[in-house]
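Here is a short briefing on one protein model.

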Amino acid sequence: MRLIASLAAAALAFSLPAMAQSADPAMEQVLASPHRDADRARDVHRHPAEMLRFFDVQPGMTVVDFWPAGGWFTRVLVPYLGAEGTYIGLNPPVRQGDSAYIQALANYAETLPPQAREWVPQGGARVIGANAPTIPQELAGTADRVLILREIHNMRRANWFHDVVVAARTLLKPDGLLGVEQHRARPDAPASYTLGDNGYQREQDVIALFEAYGFELVARSEINANPRDPADWPQGVWTLPPGYRGTPAENTARRAELDAIGESDRMTLLFRKRP
């Protein structure tokens, strides 16, 4: 049985990236929409169409997006999921003593829907907000997909990982899938560099963490790979664009060097919820 499962996982690992090569007119229309004019420059680095195909996100699904922040992926997912779909924005837990920035993430059930109407004026999927770990009972077991995009480092350094991943298990259907995109450290990177404050995580550590919470890796993709990124910046991943940490705007020569590297090297992983 273990051999059969391994073969099935290997087949999925090859088949999903192949699916990402097919055209999707609905996605192309979303990506070209005027409401994304300020976002489009990053498509070449973020690969939204290819990545959502790899995660097998389809119109009409219920999709959870952890920490939508400024809404970059909200502006893709809400119109793409369409009127038959549901978009659930999941914010992290907010605790007593958290900074004002984190405190502003509270009460997402009230704050996300009006914000989403500003982000996506043409409408689309139903929009629901929630905070981990307090998931409304009616949402339990309703999600087809959970997406955690470039946030594992924040989840670890802020001690959110347990609450967020338990919330993901609560929200997902029995056959639901969880997609992860994360800045990728070198396999031999020291633990001191990969605890969260530098953004980068070792791929083997991320896989082990999700396996410990009852998820099975079923596919991985190099959609977001960037071999030009050495992944060892002293000031972390934010050295690269669009952050340019430590490089002032007037240092155009250095910024040009960083632009030539591009955004970070990232792992792209797909997990299935185990019973």
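The points below cover pockets first, then strands, then charged pairs.

This is a predicted model. Its largest pocket has a volume of about 610 Å³. Salt bridges number 18. Strand E7 (residues 266-273) pairs with strand E5 (residues 172-183) and with strand E6 (residues 215-221).

**Largest pocket**
- The lining counts 28 residues.
- Arg-42, Arg-46, Arg-150, Glu-151 and His-183 lie nearest the centre of this pocket.
- Strand E1 (62-66) and helix H8 (152-157) are the elements that give two or more residues to this lining.
- H8 gives the most, with 3 residues.
- By type, the lining of the largest pocket holds 13 nonpolar, 7 polar and 8 charged residues.

**Second largest pocket**
- This pocket holds about 200 Å³ of space.
- Its lining includes Trp-67, Asn-91, Tyr-101, Gln-115 and Trp-119.
- Helix H7 (residues 108-119) gives the most to this lining, with 5 residues.
- The lining of the second largest pocket has 8 nonpolar residues, 3 polar and no charged.

**Strand E7 and its partners**
- E7 is mostly covered, with 7 of its 8 residues buried.
- E5 and E7 run antiparallel, paired over 7 bridges.
- Across from Phe-271 in E7 stands Leu-178.
- E6 and E7 also pair in the antiparallel sense, over 6 bridges.
- Glu-216 stands opposite Arg-272 in E7.

**Salt bridges across the chain**
- Arg-266 forms a salt bridge with Glu-181, and the closest N and O atoms are 2.4 Å apart. This pair links strand E7 to strand E5, 85 residues apart.
- Arg-266 counts as buried because its relative accessible area is 1%, under the 20% cut-off. Glu-181 is buried too, at 0% relative accessibility.
- Asp-265 and Arg-184 meet through their side chains in a salt bridge (2.9 Å, N to O). Asp-265 lies in the loop between helix H11 (252-261) and E7, and Arg-184 in the loop between E5 and helix H10 (203-212), so the pair ties together parts 81 residues apart in sequence.
- Both Asp-265 and Arg-184 are buried.
- A network of salt bridges links Arg-184, Glu-203, Arg-220, Glu-222 and Asp-265.
- Asp-163 forms a salt bridge with Arg-95, with 3.4 Å between the closest N and O atoms. Asp-163 sits in helix H9 (residues 161-171), and Arg-95 in the loop between strand E2 (86-91) and helix H6 (100-103), 68 residues apart.
- Asp-163 is buried, with a relative accessible area of 18%, whereas Arg-95 is partly exposed at 30%.

How values were computed. Residues numbered from 1 in each chain as written. Predicted model: local features only at pLDDT ≥ 70, side-chain atom pairs only at ≥ 80, totals over all residues. Heavy atoms only, no water. 1 Å grid on protein atoms, 1.4 Å probe; cavity = no way out; pocket = protein on both sides within 12 Å on 5 of 7 lines; lining within 4 Å. Points joined across faces, edges and corners; volume = space filled by probe spheres on them. Helix = DSSP H or I, 4+ residues; strand = E, 2+ residues; numbered from the N terminus. Nonpolar A, V, L, I, M, F, W, Y, C, P; charged D, E, K, R; others polar. Buried < 20%, exposed > 50% of the residue type's maximum accessible area, 1.4 Å probe, protein only. Pairing = 2+ DSSP bridges. Salt bridge = Lys/Arg side-chain N within 4 Å of Asp/Glu carboxyl O.
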